[in-house]
Amino acid sequence: MYELLEPICLVTYLADECNEELAALGHRTYWDGYFASRAAPLGWVPAQVVHAAFYSFAEGEAARHVPSAWETIPPEASVAARERGSAASLRRILGDELAGSPGLVRAADLATKAATSAPMEGRVVYAGMRALPVPGDPVARLWHSATMLREHRCDGHVAALVGARIGGTEAHVLSALEMGIHPPESFGRIHHLPKERLAAVMDGLRERGLVDTDGRFTDSGRATKQRVEDLTDELAAPPYDALSSAELDELIAELEPITATLVATGSQ
């Protein structure tokens with residue numbers, strides 16, 4: 001389900017329409033729009049709350065964008081702009097025939113049934129998304145529900161990382177190694193951080209036996225990463241308990257052509 005739904009969510013971050021909608025509101029940079037719109041379902045919360053909920057950003061990164069991004073642009077306006085832009089991207093990439101197909105409507109309905117059925121306890125960002133109205137338009141509804149499921153999975157991933165005592169920057173290092181990036185400090189999500197900070201993170205991973213002296217996975221590090229991913233998958237399963245086996249099979253079948261079209265364009 002992650003592989004089927006993630007390309008739907010990625011239009012928010014990779015396609016132009018969402019950025020254009022957020023810029024039109026007055027957000028000055030990509031990251032202003034990102035933090036303002038993704039965190040907006042939580043309400044007007046301080047940067048510390050956003051930092052805790054998003055988890056993977058370095059100390060101080062959230063504070064550069066929230067709550068200042070909401071001072072002239074209400075959070076609800078950013079939420080609406082994100083939805084408009086993301087739905088517009090999906091319509092453009094999918095084309096009129098697929099975007100208007102009965103299969104997409106059915107996929108949206110089933111994804112919404114799953115996305116609105118999971119327990120919210122301990123799922124802070126997901127709970128914020130659940131508090132928003134579900135769009136009536138099928139394309140927007142499919143994006144909205146896929147994003148709810150993504151945030152549900154993300155909340156579970158954060159719990160898995162916390163349980164494994166893997167911090168946000170450390171998680172990026174382990175992901176970089178899993179992707180074959182070496183040195184992992186060159187990974188795009190963390191390469192901009194101060195060298196002293198990155199060195200401290202690598203030293204900590206070495207002390208715990210998760211990376212070796214060359215900055216590569218040890219067997220223990222690889223096993224730890226795999227345990228986090230396995231637990232993330234396990235924690236992401238509850239929404240789909242709301243679907244019968246036949247409905248789950250139907251959702252997969254209806255999503256496959258949608259996802260294939262998005263993957264072919266890189267969700268752009």
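This is a predicted model: local features need pLDDT of at least 70, side-chain atom pairs count only at pLDDT 80 or more; totals for chains, interfaces and linings use all residues.
I started with helix α9, where Gly168, Thr169, Glu170, Ala171, His172, Val173, Leu174, Ala176 and Leu177 are buried. By buried I mean under 20% relative accessible area, with exposed over 50% and partly exposed in between (1.4 Å probe, protein chains only). Helices here are DSSP runs of H or I with at least four residues, strands are E runs of at least two, and both are numbered from the N terminus.

Residues are numbered from 1 along each chain as its sequence is written, and side-chain values use heavy atoms, with hydrogens and water left out.

**More on α9**

I checked how much of α9 is covered, and nine of its 11 residues are buried. What does the covering? The cover includes α8, α10 and α11 (219-235). For contact I used heavy atoms within 4.5 Å.

I then picked out His172, which sits in α9 (residues 168-178). His172 comes out at a relative accessible area of 9%, so I logged it as buried. Leaving out residues up to four places away in sequence, His172 touches Ser56, Phe187, Arg189 and Ile190.

Just past the end of α9, I found Gly180 with a positive phi of about 85°. Pro183 belongs to the loop between α9 and α10.

**Stepping back to the whole chain**

I counted the elements: 12 helices and zero strands. The radius of gyration is 19 Å, close to the 18 Å from the globule rule for 268 residues, so the chain is as compact as a globular protein of that length. That radius is taken over C-alpha atoms, and the rule is 2.2 Å times the number of residues to the power 0.38. I also got the span of the C-alpha trace along its principal axes, about 55 × 45 × 35 Å.

How many of the residues are buried? Of the 268, 49% count as such. Among contacts with a separation of 6 or more, 73% come from residues 24 or more positions apart.

The accessible surface is about 12,400 Å², and carbon and sulfur atoms hold 55% of it. Those areas come from the Shrake-Rupley method with a 1.4 Å probe, and for residues only the protein chains shown count as cover.

**Cores**

I looked up the largest nonpolar core next and found 35 residues in it; the ones with the most contacts inside are Ile8, Leu90, Leu94, Leu142, Leu255, Ile258 and Leu262. A nonpolar core here is a set of buried Ala, Val, Leu, Ile, Met, Phe, Trp, Tyr and Cys residues joined through side-chain atoms within 4.5 Å. At least two residues of this core come from each of α1 (2-14), α5 (75-99), α6 (102-115), α7 (124-130), α8 (138-163) and α12 (245-265).

I followed Leu262 by hand: beyond residues up to four places away in sequence, Leu262 touches Pro7, Ile8, Val11, Leu90, Ile93, Leu94 and Ser267. There is also a second, separate core of 22 residues, including Ile166, Leu174, Leu177 and Val211.

**The other enclosed helix I checked**

I found a cis bond from Val66 to Pro67, omega near 5°. Pro67 is in the loop between α4 and α5. Tyr55 is in the loop between α4 and α5, and Tyr55 has a positive phi of about 70° although it is not a glycine.

Ser267 has a positive phi too, near 55°. Ser267 lies in the segment after α12. Is Ser267 buried or exposed? Its relative accessibility is 3%, so I marked Ser267 as buried.

**Last look**

I finished on Glu196, in helix α10 (residues 195-207). Glu196 is exposed at a relative accessible area of 64%. From Glu196 to Pro257 I got 46 Å, C-alpha to C-alpha, across 61 residues of sequence.
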